[in-house]
Amino acid sequence: MAPGLAGYIVRRLLWAIPVLFAISVIVFYMLRLAPGDPVDSLLGQRYREEEAALIRKKYGYDQPIHVQYVKYMQNLLRGDLGVSTRHQSFTVSEIIIPKIWVSTRLGLIALAISFFLGISAGIYAAIARGTFLDPLTISFWLAIDAVPIFVAVPFLQWLFAVKLDLVGLSWQGFTSPNIILPILILALPGTAGIARFVRASVLGVLREDYVRTARAKGLPERIVIIRHVARNALLPLITIIGLSLPGVAGGSLIVEQLFGIPGIGAESFEAVLAPDFDVILALVLFGSVLFVLANILIDILYAVIDPRIRLGAQRG
């Protein structure tokens with residue numbers, strides 16, 4: 001590890017502690033003070049106050065908010081995320097972890113396809129600058145991005161499932177061809193933004209002196225693009241990839257509902273409607289941790305790649 005880099009990583013990790021603490025306090029107090037009573041999700045709209053009092057005592061809702069927060073954090077440090085008030089026989093971990101895993105796998109596959117298509121289209125458009133293929137390529141992906149998801153889903157279902165009879169519409173796991181449609185619907189809309197970003201980055205690198213020098217040496221254009229242009233132009237994508245990762249685990253409510261996917265998107269929506277406080281709090285904290293860790297990972301990768309950041313870390 002480069003000198004000063006270990007200290008830089010430690011400092012970034014230490015800064016994450018007060019950030020996550022502040023997020024947990026804000027979210028916990030907002031949920032406890034928000035309208036809605038979790039007792040309603042347990043007993044319904046009509047119940048006796050004696051029953052409600054017993055439920056509040058069982059879950060600790062009758063205690064002051066600061067006491068509830070301390071107790072929750074103590075349980076959280078032991079790995080206990082609480083008990084769902086909607087699914088009383090299951091813990092929060094038993095409810096959300098399998099669904100997060102489904103959404104994460106689905107999102108990672110879609111993200112990989114989106115970046116592959118976006119990077120390829122962006123590089124191709126930059127190389128084809130000055131010809132009709134440049135605006136045609138970008139316009140094609142922008143047109144796809146402009147189609148609302150509630151329009152794209154019925155059309156693709158009709159085309160692939162009804163007209164062509166290539167896939168089914170029911171969820172049968174990741175080994176079934178039925179996964180093709182939800183992955184396409186998740187992957188295609190993000191391709192246009194990536195393609196435009198990569199195109200602009202590649203055009204900037206093409207103007208650099210070292211690219212002109214490589215061409216002057218007689219290197220084949222393919223080698224120039226791969227070794228000198230693409231490698232340097234794609235470095236800024238680290239930020240986009242890192243910031244995209246937290247959203248991968250969040251799932252997609254519309255896609256999961258329309259295809260019957262047992263992901264975390266639909267569960268989050270139902271938890272908010274209930275309200276199911278411990279599930280909501282666990283999901284928000286999980287997303288916050290992912291977002292903070294993604295930012296730390298971005299900083300570390302830049303520190304590893306860019307010598308100037310390593311030098312700053314060594315001095316700092």
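A crossing of two helices is called left-handed if the near helix is turned anticlockwise from the far one by less than a right angle, and right-handed if clockwise. Helices themselves (H or I, at least four residues) are DSSP runs, numbered from the N terminus. The model you see is predicted, so local features need pLDDT of at least 70 and side-chain atom pairs count only at pLDDT 80 or more, while totals for chains, interfaces and linings use all residues. Residues are numbered from 1 along each chain as its sequence is written, and side-chain values use heavy atoms, with hydrogens and water left out.

Let us start with packed helices. Two packed helices are described by the angle between their axes and the distance between the axes. Here axes are lines fitted to C-alpha atoms, for helices over the stretch in contact, and angles run from 0 to 180 degrees between N-to-C directions. Helix H10 (residues 209-216) packs with helix H11 (residues 221-233) at about 165°, and their axes are 10 Å apart. H10 and H11 are therefore roughly antiparallel; angles under 35 degrees count as roughly parallel, over 145 as roughly antiparallel, 65 to 115 as roughly perpendicular and the rest as oblique. The crossing of H10 and H11 is right-handed. Where they are in contact (heavy atoms within 4.5 Å), Tyr210, Val211, Ala214 and Arg215 of H10 meet Glu221, Val224, His228, Val229 and Asn232 of H11. By class, this contact has five nonpolar, two polar and two charged residues. In this scheme Ala, Val, Leu, Ile, Met, Phe, Trp, Tyr, Cys and Pro count as nonpolar, Asp, Glu, Lys and Arg as charged, and the others, Gly among them, as polar.

Now move to helix H5 (residues 92-127), which packs with helix H6 (residues 133-146) at an angle of about 155°, with the axes 8 Å apart. H5 and H6 are therefore roughly antiparallel to each other, and their crossing is left-handed. On the H5 side the contact involves Leu117, Ala121, Tyr124 and Ala125, and on the H6 side Leu133, Asp134, Thr137, Ile138 and Trp141. The residues of this contact are seven nonpolar, one polar and one charged.

H5 also has helix H14 (residues 264-273) as a partner: their axes come within 8 Å and cross at roughly 135°. That angle is why H5 and H14 are described as oblique to each other. Ile95, Ile96, Lys99, Ile100 and Ser103 of H5 make the contact with Ile264, Gly265 and Glu267 of H14. Four of these residues are nonpolar, two polar and two charged.

Next, follow the aromatic rings. Rings of Phe, Tyr and Trp (its six-membered ring) pair if their centres lie within 6.5 Å; planes under 30 degrees apart count as stacked, over 60 as edge-to-face and the rest as tilted. How many aromatic pairs does a search of the whole structure find? The search finds seven. One of them joins Phe21 and Tyr69, whose ring centres are 6.4 Å apart with planes at 70°, so the pair is edge-to-face. Phe21 sits in helix H1 (residues 5-33) and Tyr69 in helix H4 (residues 65-77), 48 residues apart, so this pair links distant parts of the chain. Tyr69 is buried, at a relative accessible area of 9%; buried means under 20%, exposed over 50%, and partly exposed in between (1.4 Å probe, protein chains only). Phe28 and Tyr72 have ring centres 5.8 Å apart and planes at 45°, so their pair is tilted. Phe28 in H1 and Tyr72 in H4 are 44 residues apart, and both are buried. Phe21, Phe28, Tyr29, Tyr69 and Tyr72 form one aromatic cluster.

Is Asp278 buried or exposed? With a relative accessible area of 10%, Asp278 is buried. Beyond residues up to four places away in sequence, Asp278 touches Arg32, Tyr72, Leu81, Gly82, Val83 and Val92.

We end in a loop. Asp165 lies between helix H7 (149-163) and helix H8 (180-187), and it is exposed at 61% relative accessibility. Most residues other than glycine have a negative phi, yet the phi of Asp165 is positive, near 55°.

Key: Helices (H or I, at least four residues) and strands (E, at least two) are DSSP runs, numbered from the N terminus.
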